[in-house]
Amino acid sequence: MYTISNRLKIASIVLMVLGAIGIGIGFVSSPGTVEEAKAMVASHDDGHGGGHEVAAEHHEDVNEHGATTEAHGETHDASHDEHLLHQLQNRPWAALYVAAFFFFMISLGVLAFYAIQRAAQAGWSPILFRVMEGITSYLVPGGIIVFVILALSVAHMNHLFVWMDAEVVAHDELLQGKAGFLNGPFFLIRAAIFLGGWIFYREYSRKLSLAQDEATDNTNFVKNFRLSAAFLVFYLVTESMMSWDWIMSVDPHWFSTLFGWYIFASMFVSGITVIALVTIYLKSKGYLQEVNNSHIHDLAKFMFGISIFWTYLWFSQFMLIWYSNIPEEVTYYITRIADFKLPFFGMVAMNFLFPLLILMNSDFKRVNWFVVMAGIVILAGHYLDIFNAIMPSTVGDQWYIGIPEIGAVLFFAGLFTFWVFRALSKVPLQPTRNPFIEESKHFHY
Amino acid sequence: MASKVIHALYTDDDVLMHAVKKVKEAKHHIEEIYCPFPVHGLDKAMGLAPTRIAITAFIYGCIGLAVATVMMNYIMIEDWPQDIGGKPSFSYLENMPAFVPIMFELTVFFAAHLMVITFYMRSRLWPFKEAENPDKRTTDDHFLMEIEIHDNEDELRQLLAESGAVEINILEK
């Protein structure tokens, strides 16, 4: 049995408190009126000289507020200021949302990995099932938090999703055309179905997994196998729709067909990375005695392979749009390259080049500190990935990685750590009656 | 003086593995082992050095990437920078996404093919090469261990017989 150490408990609580303070500061310091917003930008805005024309120019392209395209001349300045106010007001919300979704997607990625291991009847991984189940326990609080943020958006507490603003939709025929799918109630119903399905699978599979340890036959295992296969079908559909709803719809004028896979790759590689990190941590504390460096090697191979898979999808999406250069879809990348150059290209270095060079060597994949180092860079890179997906359409060129963003990451990191390790301490760390457990214990590559 | 070798034949890879360990323990040098299929762990038991072919493949891949980059930079950017459908041909970086598929494929092409050729050269494999098989049965269901004899014929013969060999032959080489 694992017992959560006091230091870890205190560390995660400290993270949560610090993070909550950071989130609070973000909300308190966001401007309430247009004048405040202008003053804020004027006070700490050196590099933006003349940026107003530029901002106004692609302001139309981005079409964050369809209304502004009709307003010109005198009214344009006023609407631009209001636009700026909305961007600044969005910042703490977007920071919260990015971090909440990022940690939620880690546990969802682990759940997908877990279901694949079960459906594929993998022989190496059963020894890690309890670790994976521990990480997926965050699905419940994480999912609820994401759902609450989405519900608050629907309740007009923020301007994260521009299609939720009735006034904008009234002036925007494109959004009117999409209103059959993108409307508040249906949006929340879909979110509830996705979350309900994922959480149901997680809880039921966990129950069967624990029951298998007590059982005298393998019926629980077989049931779990069928359940996992069915879940993967459900997951494939819902994950794709979730990415349209929760991420792509912050920019409702833009669409991409491979977007669901792209977000999937991001969550999958982050999830596998967290499995590796938690496993290495537990092993270093003397638990998980029978996990050997071949298990770590396998996880690192997955980190390496899925990092390249993510890059493949990132590049396929980018290159197809860059190449054809169709105005209605290329704005997505124009705003990112104009305003987010460093995070946008930096994340390719962190998510592709770094793991490619570090994890290519077979011996390095067995060395814990190499895997940990690569894992930290991959996780930071995929946080940036979600950041790049949400921020350009919510805060635009007013982005900055400051107190609200770091605070939100710290808060959710603390909550995630606390919840996951608490779940890990509830049951023995190793399944006993899994039919593949012997093979898994002696796994050697 | 012509050297003499001893050939021990086995019919089971498990027996062979045990025999290899035994021979290594007795500090005899194993000249060669002939198997009909890969025996997992045999190289470790024999104490063979790990292969460096993956390192060569990495180097070849880098060469392929360099060839692709230099080639396309010269053709598309330096030699005749035409406007083809509005693609920006002012610098390599500006037009790079269009070159990535070729850069990728040439990296893989160089890495794969040069590595295979390296393998053929290092293992001395080519068409019309004369087969070096000491016993035809080793391509079907027998394993053969070859050890050179240095005035210790009886000792070796006994050791190998104890290790489960089904047949022991001594021949001049």
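What do the side chains of A:Asp81 and A:Lys38 meet in, and at what distance, N to O?

A: A word on the source: this is a predicted model. The side chains of A:Asp81 and A:Lys38 meet in a salt bridge, at 3.3 Å from N to O. A:Asp81 belongs to helix α5 of chain A, while A:Lys38 belongs to helix α2 (residues 34-43) of chain A, so the bridge ties together parts that are 43 residues apart in sequence.

The two ends sit in unlike surroundings. A:Asp81 has a relative accessible area of 14%, so this residue is buried. The cut-off is under 20%. A:Lys38 has 42%, so this residue is partly exposed.

Now set the pair beside other salt bridges. Over all chains, the whole structure holds 13 of them. One joins A:Lys441 to A:Glu438, with the closest N and O atoms 3.4 Å apart. Both partners lie in helix α18 (residues 437-441) of chain A. They are 3 residues apart, about one turn of the helix. A:Glu438 is partly exposed, because its relative accessible area is 44%.

B:Asp135 forms a salt bridge with B:Arg137, and the closest N and O atoms are 2.9 Å apart. B:Asp135 is buried at 15% relative accessible area. B:Arg137 is partly exposed at 30%. Elsewhere, shared partners link salt bridges into one network of A:Arg130, A:Glu133, A:Arg206 and A:Asp213.

The largest nonpolar core has 134 residues, and A:Trp198 and A:Trp246 have the most contacts inside it. Helix α5 (residues 74-119) of chain A gives the largest share of this core, with 21 residues. So which residues surround A:Trp198? Setting aside neighbours within four places in sequence, A:Trp198 is in contact with A:Phe104, A:Leu108 and A:Leu111, among others. A:Leu139, A:Phe231, A:Phe234, A:Tyr235 and A:Met242 are also among its contacts, as is A:Trp246. Another core lies apart, with 23 residues, including B:Val23, B:Met46, B:Phe143 and B:Ile147.

A:Leu282 lies in helix α12 (residues 259-284) of chain A. Its relative accessibility is 0%, so A:Leu282 counts as buried. Beyond neighbours within four places in sequence, A:Leu282 is in contact with A:Tyr2, A:Val131, A:Tyr287, A:Leu288, A:Phe421, A:Leu424 and A:Leu429. A:Val131 is 151 residues from A:Leu282 in sequence, yet their C-alpha atoms are 9.1 Å apart.

A:Thr311 lies in helix α13 (residues 293-324) of chain A. A:Thr311 has 9% relative accessibility, so this residue counts as buried.

Next, the interface. The contact takes 6 residues from chain A and 9 residues from chain B. About 650 Å² is buried between chain A and chain B, and carbon and sulfur atoms give 82% of that area. A:Phe315, A:Trp322 and A:Tyr323 supply 64% of what chain A buries against chain B, more than any other three residues. Between chain A and chain B, the salt bridge count is 0.

Last, the sheet of chain B. Four strands form an open sheet in the order β2-β3-β1-β4, with antiparallel pairing. β2 (30-34) and β4 (167-172) of chain B are at the edges with a single partner strand each, so one side of each has no neighbour in the sheet. On average, neighbouring strands are turned by 20 degrees against each other, direction ignored. Strand β1 (residues 4-10) of chain B pairs with β4(B) in the antiparallel sense over 6 bridges. There, B:Ala8 has B:Ile168 in β4(B) as its bridge partner. Helix α1 (residues 13-25) of chain B packs on the sheet and touches β1, β2 and β3 (143-149) of chain B. The direction of helix α1 of chain B makes about 20 degrees with that of β3(B).

Definitions and conventions. Residues numbered from 1 in each chain as written. Chains lettered and ligands numbered in written order. Predicted model: local features only at pLDDT ≥ 70, side-chain atom pairs only at ≥ 80, totals over all residues. Heavy atoms only, no water. Core = buried A, V, L, I, M, F, W, Y, C linked by side-chain atoms within 4.5 Å. Buried < 20%, exposed > 50% of the residue type's maximum accessible area, 1.4 Å probe, protein only. Helix = DSSP H or I, 4+ residues; strand = E, 2+ residues; numbered from the N terminus. Contact = heavy atoms within 4.5 Å. Pairing = 2+ DSSP bridges. Axes fitted to C-alpha atoms, helices over the stretch in contact; angles between N-to-C directions. Buried area = accessible area lost by both parts, 1.4 Å probe. Salt bridge = Lys/Arg side-chain N within 4 Å of Asp/Glu carboxyl O.
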